[in-house]
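Biologist: Could we go through this model together, one question at a time?

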Amino acid sequence: MKQLFDDVSFKCSKLVTKNYSTSFSMAVYMLAPSIRDAIYSIYGFVRFADEIVDSFHGYDKENLINDFEAEYYKAMKLGISLNPILNSFQQTVKQYNITEEMIQSFLKSMKLDLIKSDYHSKEEYNEYIYGSADVVGLMCLKVFVKGDETKYNQLKDQAMRLGSAFQKVNFLRDLKDDNLVLNRNYFPGVDLKSFSEKSKKAIIEEIEEDFRIAYLGIVKLPLEAKFGVYTAYVYYKKLLKKLEHTPCNEIGNTRIRVSNYSKAGLLAQSFVSYKLKLV
């Protein structure tokens with residue numbers, strides 16, 4: 001029975017989300033049940049692609065990402081895939097009219113991680129972030145607005161800025177692994193070997209501006225999505241604050257985290273703000 005297989009596929013995407021990101025999984029759980037599966041499926045797709053280029057050392061990453069892309073398009077054509085992550089994602093793409101441009105931009109940025117280690121200009125940096133993060137925000141927005149193109153066009157710039165903010169926070173948090181393990185530097189004009197408080201301050205100010213603009217969109221989201229997105233926003237703002245108060249040499253040598261205890265407190269704070277209609 002195909003429906004049973006589809007149900008299992010979406011559960012696999014949910015399992016991927018829960019195992020790879022407790023914070024994002026918590027935020028998705030705060031969404032309305034009617035849209036959770038679609039967001040899980042988006043996360044599963046982007047996570048698997050990201051894992052191929054970031055984690056599968058000792059394997060032919062180029063062939064793996066190309067096969068993953070080819071299997072996605074095969075799933076889109078046939079309407080089914082025996083890869084449950086792709087099976088759930090292709091259904092979400094079709095149901096919510098996620099565009100081909102979004103998919104291609106995302107995969108382009110993932111493939112850049114296989115061949116490019118430094119971003120020397122703001123244009124290169126912005127193009128990478130657009131594909132790796134902004135379009136993911138747009139994919140989620142497609143789900144949130146449920147086909148309302150007017151609402152989508154009103155909120156797409158803020159959705160992209162939220163995606164940018166999340167990605168830049170991740171870059172700053174993952175400075176150690178990106179630099180020492182993957183030999184990557186995403187920040188143009190920043191020498192990670194002599195990473196300074198001045199450089200960190202400039203990056204944080206850029207992220208805070210992204211968050212400021214993103215918040216203007218969060219408050220206008222449909223009710224089904226607002227609390228979940230706001231929860232993720234509050235978590236990443238907290239993580240950014242921790243990074244701001246961490247010496248730059250420590251950021252380069254360890255991975256800064258928000259404890260599970262703090263996450264629970266942030267969730268409670270978000271819930272109170274939401275219920276008091278402060279968001």
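Biologist: Which residues does Glu244 touch, not counting residues up to four places away in sequence?

Modeller: This is a predicted model, where local features need pLDDT of at least 70, side-chain atom pairs count only at pLDDT 80 or more, and totals for chains, interfaces and linings use all residues. Residues are numbered from 1 along each chain as its sequence is written, and side-chain values use heavy atoms, with hydrogens and water left out. Contact means heavy atoms within 4.5 Å, and by that rule, leaving out residues up to four places away in sequence, Glu244 touches Lys200, Ile204 and Glu208.

Biologist: Is Glu244 buried, partly exposed or exposed?

Modeller: Glu244 lies in helix H11 (residues 223-244), helices being DSSP runs of H or I with at least four residues, numbered from the N terminus. Buried means under 20% relative accessible area and exposed over 50%, with partly exposed in between (1.4 Å probe, protein chains only). Because its relative accessible area is 31%, Glu244 is partly exposed.

Biologist: How are helix H4 and helix H6 oriented to each other?

Modeller: Helix H4 (residues 61-78) and helix H6 (residues 100-115) pack at an angle of about 170°, with their axes 10 Å apart; axes are lines fitted to C-alpha atoms over the stretch in contact, and angles run from 0 to 180 degrees between N-to-C directions. Angles under 35 degrees count as roughly parallel, over 145 as roughly antiparallel, 65 to 115 as roughly perpendicular and the rest as oblique. H4 and H6 are therefore roughly antiparallel.

Key: Helix = DSSP H or I, 4+ residues; strand = E, 2+ residues; numbered from the N terminus.
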